[in-house]
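The structure comes first, and the terms are given where they are needed.

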Amino acid sequence: MVPDKQLGALLILLLGLVNDTLGGYVGINIGTDVSNMPSAFDVAAILQANQITHVRLYDADAHILKALADTGIEVIVGVTNQEVLGIGESASTAAAWVNKNVAAYLPSTNITAIAVGSEVLTSIPNAAPVLVPAMNYIHKALVASNLNSQIKVSTPQSMDMIPRPFPPSTATFNSSWNSTVYQLLQFLKNTNSYYMLNAYPYYGYTSGGGIFPIDYALFQPLPSVKQIVDPNTLFHYDSMFDAMVDATYYSMDAINISGIPIVVTETGWPWLGGTNEPDATVENAETFNKNLIRRVLNDSGPPSQPNLPINTYIYELFNEDKRPGPVSEKNWGLFFTNGTAVYTLSLSATDQIAGNSSSVFCVSKRNADPDKLKEGIDWACGQGGANCNAIQQGQPCYSPNTFQSHASYAYNDYYQKMRSAGGTCDFDGTATTTSVDPSYGNCIYRGSLNKSTSSGMAPVAFGPISPMGGSTKLPVKKV
């Protein structure tokens, strides 16, 4: 999947992107073809609140790179497909790009890799002759700045590079790209980098003509009579994801290059589709991503490379509703722009994104009138008797500093205190009840079962959104 190159894309994983420094990690992509895109500050706040440790940007957005400063989050920045041609023809252009989009943000922003283009060989094949030269020029610019030891250079490629990925043991790259692929792999090996793979079992299943069962695409157990086995190696493949990764390893072997690890830079499952897209459902998306995270965090590789973890970036943080194409193309996100999770997703044995609890909370409604929200905050923190200390500047619930977020905290504190005495959750129509715990980071809502840091996102993390794309800020009166 190639995001719109005209509009940058943020990356990130909001999957809590739980990081295991000794093994596999899960990161997230952030596309920006989104109506009411949260500000860069709010995006960074989401990542930190959910302990996301790895993100990928499709460009080198200055606002996001600045917002990620001093967060420790590892960032892949992107050279857009439009920029590849110029960089591939000029070393000075490459050096200028590195100085402007990488060196300028170090060391505050933890940039660890540069993705040169996105699916260049299959999406803009006319740029193939300059792809590897572009990567070389970028790498030489990093060497000149003494940054090559900390920043890898690679380029994401799609599974379309491999015409017949099953059985994995016989997979090969499209022969028309042999020369370019060989040069690419030699570059990755010589620079100790990794192969970036975009692998989507959703497309493998939906375009497979019913050859493979959907459970195979969703990491679900298969009955003994339906086991997927490579007839040449007798390796059992429990998931299409593993088979895709292994097909790529075997394709490298076929041109006599090995020892290059694979990082899956995109994968995911859409949660909504059109009438002709019956497999794009919330249930399937939740199942896929839940099982994907569990699989990646077990720190193992595919059957042919069992000791190489498959570090993976999920596509994507928000629904890119402005993207062209079928309904499913607009609905890959884990979150709506107000911070509400599309579905419950466990990040580890103890963490959840927007996990359910038995408590009932009172939060502000999405798109509620800002003036009414401010009046509600003033009443709750004043006459209503809510304890609003936590939303004062410098306190754990101050960020994001928006009417909606602060109103949720104030409304809930009042509601938890007063509902046994007849207190309601209305606030002139700006509030509603929810069973989703709105606690996030160190901001723990009254009534939460969480007594320590939570990785759940507040259902109303942002808003109102200003015409410039940033959140409307408000001063919260001391009470």
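## Terms and basis

Buried means a relative accessible area under 20%, exposed means over 50%, and partly exposed lies in between, with a 1.4 Å probe and protein chains only. The model is predicted: local features need pLDDT of at least 70, side-chain atom pairs count only at pLDDT 80 or more, and totals for chains, interfaces and linings use all residues. Residues are numbered from 1 along each chain as its sequence is written, and side-chain values use heavy atoms, with hydrogens and water left out.

## A loop residue

Thr233 has a relative accessibility of 28% and therefore counts as partly exposed. Helices (H or I, at least four residues) and strands (E, at least two) are DSSP runs, numbered from the N terminus. In these terms, Thr233 belongs to the loop between β8 (228-229) and β9 (236-237). Between Thr233 and Pro168 there are 65 residues in sequence, while the C-alpha to C-alpha distance is 9.2 Å.

## Disulfides

A disulfide is a pair of cysteine sulfur atoms within 2.5 Å. How many disulfides does this rule give? The count is 3 disulfides. With the bonded cysteines of the protein chain numbered in sequence order, they pair as 1-5, 2-3, 4-6.

Cys362 is bonded to Cys425, with an S to S distance of 2.1 Å. This pair links distant parts of the chain, 63 residues apart: Cys362 is in strand β14 (residues 356-364), and Cys425 is in the loop between α13 (403-418) and β15 (431-436). The link of Cys362 and Cys425 is right-handed, with 90° about the S-S bond. Cys362 is buried because its relative accessibility is 0%, and Cys425, at 15%, is buried too.

In the disulfide of Cys397 and Cys443, the sulfur atoms are 1.9 Å apart. Here too the pair links distant parts of the chain, 46 residues apart, with Cys397 in the loop between α12 (370-381) and α13 and Cys443 in the segment after β15. The angle about the S-S bond of Cys397 and Cys443 is 105°, and the link is right-handed. Cys397 is buried at 2% relative accessibility, as is Cys443 at 0%.

The disulfide of Cys381 and Cys388 has its sulfur atoms 1.9 Å apart. Which hand does the disulfide of Cys381 and Cys388 have? The disulfide is left-handed, because the torsion about the S-S bond is about -90°. Both Cys381 and Cys388 are buried.

## Aromatic pairs

Rings of Phe, Tyr and Trp (its six-membered ring) pair if their centres lie within 6.5 Å; planes under 30 degrees apart count as stacked, over 60 as edge-to-face and the rest as tilted. The whole structure has 21 aromatic pairs. One of them is formed by Tyr25 and Tyr313, an edge-to-face pair with 5.9 Å centre to centre and 85° between the planes. The two residues are 288 residues apart and link distant parts of the chain: Tyr25 is in the segment before β1 (26-29) and Tyr313 is in strand β11 (residues 312-315). Tyr25 is buried, with a relative accessible area of 12%, and Tyr313 is buried at 2% relative accessibility.

Tyr200 and Tyr203 are also edge-to-face, because their planes are at 65°, with the ring centres 5.6 Å apart. Tyr200 is buried at 5% relative accessibility, whereas Tyr203 is partly exposed, with a relative accessible area of 30%. Both belong to one aromatic cluster, which also holds Tyr202, Phe219, Phe241, Trp269, Phe288, Tyr315 and Trp332.

## Helix α6

Helix α6 (residues 128-144) has 17 residues. The expected span of a helix is 1.5 Å times one less than its number of residues. Buried residues in α6 include Val130, Leu131, Met135, Ile138 and His139. Asn146, which follows α6, has a positive phi near 60°.

## The second largest cavity

On a 1 Å grid over the protein atoms alone, a cavity is a set of points where a 1.4 Å probe fits but cannot get out, and lining residues have an atom within 4 Å of a point. The lining of the second largest cavity consists of His139, Asn148, Ile151, Lys152, Val153 and Thr191.

Definitions and conventions. On a 1 Å grid over the protein atoms alone, a cavity is a set of points where a 1.4 Å probe fits but cannot get out, and a pocket is an open set with protein on both sides within 12 Å along at least five of seven lines; lining residues have an atom within 4 Å of a point.
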